[in-house]
Amino acid sequence: ATREVCALAADIILSLDDPTQLLLIFDCGQGRTRLGQRSAFVKDALKSIQEAVGPERTKLLRAVCMSNSFRLPSHKGTRLSENYDWELWRQASVSGPLAFGDYAGSQRDNSHSSYRLWDYRATVVHSLPEGWLICRHANKNDPIGWLSGCKIIDADLRFRPLASWCDEAIHKAAASGVSTSEEPRFWNAARINGHIERQFAYAIRLIKRAA
């Protein structure tokens, strides 16, 4: 199936007046294992397309490598979870220039709800360049967990806040002793915001370093 899809992508690229009109998205899916196998999928697919369209159009190809190594936590307490998406991107980029993409620090579930789950555990997440500092409360359905988590993360030496409303909410709650919100959906949104802000800043830093 991959071979047929790559052939179709090549045909579309060859039919375009300008190959930059198309963005190739290579989605490596979710997971924290088999980085080599998943990056090999991107390298092989991109190589197949490059060979089909020729060197001149290859120079104009726009492509992004997507993956997601964020997993909803199951531990209790504070833990640093590594972000493997950058390493997967580095391995895949051997085949050519690829933009970096992820799932915004959010695990894809089969179903979603905007309402509070009965068995939630307050979980506060601080995004780092290639990881997440995660504090998960020990008790189920305990609203005090949000404030407790903010205090723990704010006091952690690994806490490196930037100008995201996620980090600002964590610091404000820790300093004031009042949680910004006791709703899981607020802190889920805060986690995604903090992750996007961090990854954007980190990508810009890498670009400047490479230049």
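**Cysteines, cores and a surface patch**

Modeller: The sulfur of C65 lies 4.1 Å from the closest cysteine sulfur, that of C28, which is too far for a bond. This is a predicted model, where local features need pLDDT of at least 70, side-chain atom pairs count only at pLDDT 80 or more, and totals for chains, interfaces and linings use all residues. Residues are numbered from 1 along each chain as its sequence is written, and side-chain values use heavy atoms, with hydrogens and water left out.

Colleague: What makes C65 count as buried?

Modeller: Buried means under 20% relative accessible area, exposed over 50%, and partly exposed in between (1.4 Å probe, protein chains only). C65 has 1%, so it is buried. C135 has 5%, so C135 is buried too.

Colleague: How do you know whether E87 is buried, exposed or partly exposed?

Modeller: Its relative accessible area is 32%, so E87 is partly exposed. E87 lies in helix α4. Helices (H or I, at least four residues) and strands (E, at least two) are DSSP runs, numbered from the N terminus. E87 and L35 are 52 residues apart in sequence and 7.9 Å apart in space, C-alpha to C-alpha.

Colleague: What makes a set of residues a nonpolar core?

Modeller: The members are buried Ala, Val, Leu, Ile, Met, Phe, Trp, Tyr and Cys residues, joined through side-chain atoms within 4.5 Å. The largest such core has 19 residues; L24, F26, V42, I49, L61, C65 and L98 touch the most other members. Its largest share, 6 residues, comes from α2.

Colleague: Which residues does L61 touch?

Modeller: Contact means heavy atoms within 4.5 Å. Leaving out residues up to four places away in sequence, L61 touches I13, L24, L46, I49, Q50 and V53.

Colleague: Why is F200 called exposed?

Modeller: Its relative accessible area is 59%, so F200 is exposed. F200 sits in helix α7 (residues 184–210). With I204 and I207, F200 makes a nonpolar surface patch of about 310 Å². Patches are made of residues with over 30% relative accessible area and no salt bridge; like charges are joined within 9 Å, nonpolar side chains (Val, Leu, Ile, Met, Phe, Trp, Tyr) within 5 Å. A salt bridge is a side-chain nitrogen of Lys or Arg within 4 Å of a carboxyl oxygen of Asp or Glu. Accessible areas come from the Shrake-Rupley method with a 1.4 Å probe; for residues, only the protein chains shown count as cover.

Definitions and conventions: A disulfide is a pair of cysteine sulfur atoms within 2.5 Å.
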